[in-house]
Amino acid sequence: MTIRVVVADDQELVRSGFAMILDVQPDIEVVAEAGDGAEAVEAVRRHSPDVALLDIRMPRVDGIDACRTISADSACRTVMLTTFDSDEYVYEALHAGASGFLLKDVRRHDLVHAVRVVARGDSLLAPSVARRLVEQYTRSAVRPRRPDPRLEVLTGRERETLLLLARGLSNAEIATELTVSDHTVKTHVGNVLAKLGLRDRIQAVICAYETGLVAAGSAGAPPPGGAPGPGSSPASARN
């Protein structure tokens, strides 16, 4: 099956570069390019792609508003492009429905991998990036002093799983931490998402912070084996 992609970035060279890398792949077709969020929304409506690659900062309509509209109006999944250190609205993009994030200096292989991961319904969650983003953009949010009642629907093991998700651990790392099989972890993750009404692992990370299960800064310890740095390959994880 061919993955249909829309690429949106107001910098023509960046946009064209990403489009060229993706379009030469045998299983990926770039169906449209857009110079701002409004054009991206229109392109998604016209071409019904599987994935939209959106720069966060664009003129007229930015990537966040475009992501919000695309997520509400279509089945297209979105990946946000960010310079990371300078973007101030990444947390809003998570709420808008983004399925993942890529740094603009992403390597060719990782760009292609990210599109394939998101297209198959998974989320793109690089442990170091996810942890830093959520900590930075939830630090000023008002959170309950004790865990939210919504968490009462989870079993003890499911709460542990959610906590480890918030630390950015992959399924394999969670399995090691809890001394269970990968299949069992996948079941726990699926139960957490279903019981809390969450779309993917990224929303689960947000939920863990917002419900008070973890406080910003408390999940800063790196996962087993150490977390990759900002330039490392994004980690994909199935629900």
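Me: What makes strand β4 (residues 77–82) mostly covered?

Reply: In this predicted model, six of the six residues of β4 are buried. Buried means a relative accessible area under 20%. R77, V79 and L81 point one way from the strand, while T78, M80 and T82 point the other way, and all are buried. In a regular strand the side chains alternate between the two faces of the sheet.

Me: How do you know that β4 pairs with strand β3 (residues 51–55)?

Reply: Two strands pair if there are at least two bridges between them, and five bridges join β3 to β4. The two strands run parallel. Within this pairing, L53 stands opposite V79 of β4. Together with helix α3 (residues 63–73), β3 and β4 make a right-handed β-α-β unit.

Me: What joins β4 to strand β5 (residues 100–103)?

Reply: Four bridges do, and these strands run parallel. At least two bridges are required for a pair, so β4 and β5 count as paired. T82 has L103 of β5 as its bridge partner.

Me: Why is helix α2 (residues 37–47) called roughly parallel to α3?

Reply: The axes of α2 and α3 cross at roughly 15 degrees and come within 9 Å. Angles under 35 degrees count as roughly parallel, and α2 is therefore roughly parallel to α3. The contact is made by G37, A40, V41, V44 and R45 of α2 and by A66, T69, I70 and D73 of α3. The crossing of α2 past α3 is right-handed.

Me: Why is α8 (171–178) called roughly perpendicular to α9 (182–196)?

Reply: Helices α8 and α9 pack at an angle of about 105 degrees, with axes 9 Å apart. Angles of 65 to 115 degrees count as roughly perpendicular, and α8 is therefore roughly perpendicular to α9. N171, A172, I174 and A175 of α8 meet D182, V185, K186 and V189 of α9.

Me: Why is T184 called partly exposed?

Reply: T184, in helix α9, has a relative accessible area of 27%. Buried requires under 20% and exposed requires over 50%, with partly exposed in between; T184 therefore counts as partly exposed. The C-alpha atoms of T184 and I174 are separated by 10.0 Å, and the two residues are ten apart along the chain.

Me: What covers the buried residues of helix α7 (residues 156–166)?

Reply: The cover includes α8, α9 and α10 (201–210). The buried residues in α7 are E158, T161, L162, L164, L165 and A166. After α7 comes G168, with a positive phi near 85 degrees.

Me: How do you know that V5 is buried?

Reply: V5 has a relative accessible area of 0%. The limit for buried is under 20%, so V5 is buried. V5 is found in strand β1 (residues 3–8). Leaving aside neighbours within four places in sequence, V5 is in contact with residues including L22, V30, P49, V51 and V115. V5 and V44 are 39 residues apart in sequence, with their C-alpha atoms 8.9 Å apart in space.

Me: Why is strand β2 (residues 28–34) called largely enclosed?

Reply: Five of the seven residues of β2 are buried, so the strand is largely enclosed by the rest of the structure. Strands β1 and β2 pair in the parallel sense over six bridges, and A8 stands opposite A34 of β2. With helix α1 (residues 12–23), β1 and β2 make a right-handed β-α-β unit.

Me: Why do R60 and T179 count as exposed?

Reply: Exposed means over 50% relative accessible area. R60 has 67% relative accessibility and therefore counts as exposed. T179 has 71% and therefore counts as exposed. R60 lies in the loop between β3 and α3, whereas T179 lies in the loop between α8 and α9.

Me: What is the phi of R60, and what is that of T179?

Reply: R60 has a positive phi of about 60 degrees, although it is not a glycine. T179, which is not a glycine either, has a positive phi of about 55 degrees. Most residues other than glycine have a negative phi.

Me: How many helices and strands does the chain have?

Reply: The chain has ten helices and seven strands. Buried residues make up 51% of its 239 residues.

Technical notes:
Residues are numbered from 1 along each chain as its sequence is written. This is a predicted model: local features need pLDDT of at least 70, side-chain atom pairs count only at pLDDT 80 or more; totals for chains, interfaces and linings use all residues. Side-chain values use heavy atoms; hydrogens and water are left out. Buried means under 20% relative accessible area, exposed over 50%, partly exposed in between (1.4 Å probe, protein chains only). A crossover is right-handed if, with the strands pointing away from the viewer, the path from the first strand over the helix to the second runs clockwise. Axes are lines fitted to C-alpha atoms, for helices over the stretch in contact, and angles run from 0 to 180 degrees between N-to-C directions. Angles under 35 degrees count as roughly parallel, over 145 as roughly antiparallel, 65 to 115 as roughly perpendicular and the rest as oblique. A crossing is left-handed if the near helix is turned anticlockwise from the far one by less than a right angle, and right-handed if clockwise. Contact means heavy atoms within 4.5 Å.
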